[in-house]
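Here are my notes for anyone opening this structure for the first time. Have a look at it, then go through the points below.

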Amino acid sequence: SDEKQYIKNNTVIVGIANWTPINFTKDGKTFEGIASDILHNISKSTGLKFKIEYGTWDDFIQKIKNKEIDLLPGTYHTNERESFGDFSKGYLKIKN
């Protein structure tokens, strides 16, 4: 199928800006947090490969607009962001 070919032939580039406990790194090399657990489970069950990039939120917003990265886990949906990205159904609720 097309999906299996995509998984076999592609790596999803993931932008990680520190936002504990959702996304974070303690050492600049190891992706941790709730989003890490979710992506690990997706990879384990599907074989999809992820390449993690660390940086700042502002840099990643520009990179997702320019299609230089594929995924920003834990991103809140807004109408503006919908103009340059796709969103899954919500999987986290955070109280203010």
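1. Is K63 buried, exposed or partly exposed? K63 is partly exposed, with a relative accessible area of 26%. For these labels, buried means under 20% relative accessible area, exposed means over 50%, and partly exposed is in between (1.4 Å probe, protein chains only).

2. A word on the ground rules: this is a predicted model, where local features need pLDDT of at least 70, side-chain atom pairs count only at pLDDT 80 or more, and totals for chains, interfaces and linings use all residues. Residues are numbered from 1 along each chain as its sequence is written, and side-chain values use heavy atoms, with hydrogens and water left out.

3. Now the overall layout. You'll find 4 helices and 2 strands, and along the sequence they run α-β-α-β-α-α. Helices (H or I, at least four residues) and strands (E, at least two) are DSSP runs, numbered from the N terminus.

4. On size, the C-alpha atoms fill a box of roughly 40 × 30 × 25 Å along the principal axes.

5. Of the 96 residues, 26% count as buried. Among contacts (heavy atoms within 4.5 Å) with a separation of 6 or more, 53% come from residues 24 or more positions apart. The accessible surface comes to about 7,200 Å², and 50% of this belongs to carbon and sulfur atoms. Accessible areas come from the Shrake-Rupley method with a 1.4 Å probe; for residues, only the protein chains shown count as cover.

6. The structure holds 3 salt bridges, each being a side-chain nitrogen of Lys or Arg within 4 Å of a carboxyl oxygen of Asp or Glu. Side chains of opposite charge can pair when their charged atoms come close. K63 meets E53 in one of these, at 3.3 Å from N to O. K63 sits in helix α3 (residues 57-65) and E53 in strand β2 (residues 49-54), so the pair ties together parts that are 10 residues apart in sequence. Shared partners join K51, E53 and K63 into one network.

7. E53 counts as buried at 18% relative accessibility, while K51 is partly exposed at 44%.

8. E32 and K26 form another salt bridge, with their closest N and O atoms 3.9 Å apart. E32 is partly exposed at 23%, and K26 is exposed at 67%.

9. Take a look at N23 too, in the loop between β1 (11-16) and α2 (34-46). N23 is buried, with a relative accessible area of 4%. Its side chain reaches the backbone oxygen of P73 at 3.2 Å. Leaving out residues up to four places away in sequence, N23 touches I16, A17, N18, F31, E32, A35 and P73.

10. Last, the surface. W19, I34, I38, I42, Y76, Y91, L92 and I94 make a nonpolar patch of about 650 Å². Patches are made of residues with over 30% relative accessible area and no salt bridge, where like charges are joined within 9 Å and nonpolar side chains (Val, Leu, Ile, Met, Phe, Trp, Tyr) within 5 Å. Y91 lies in the segment after α4 (79-82) and is partly exposed at 41%.

Technical notes:
Polar contact = N/O pair within 3.5 Å; in protein donor to acceptor, adjacent residues only side chain to side chain.
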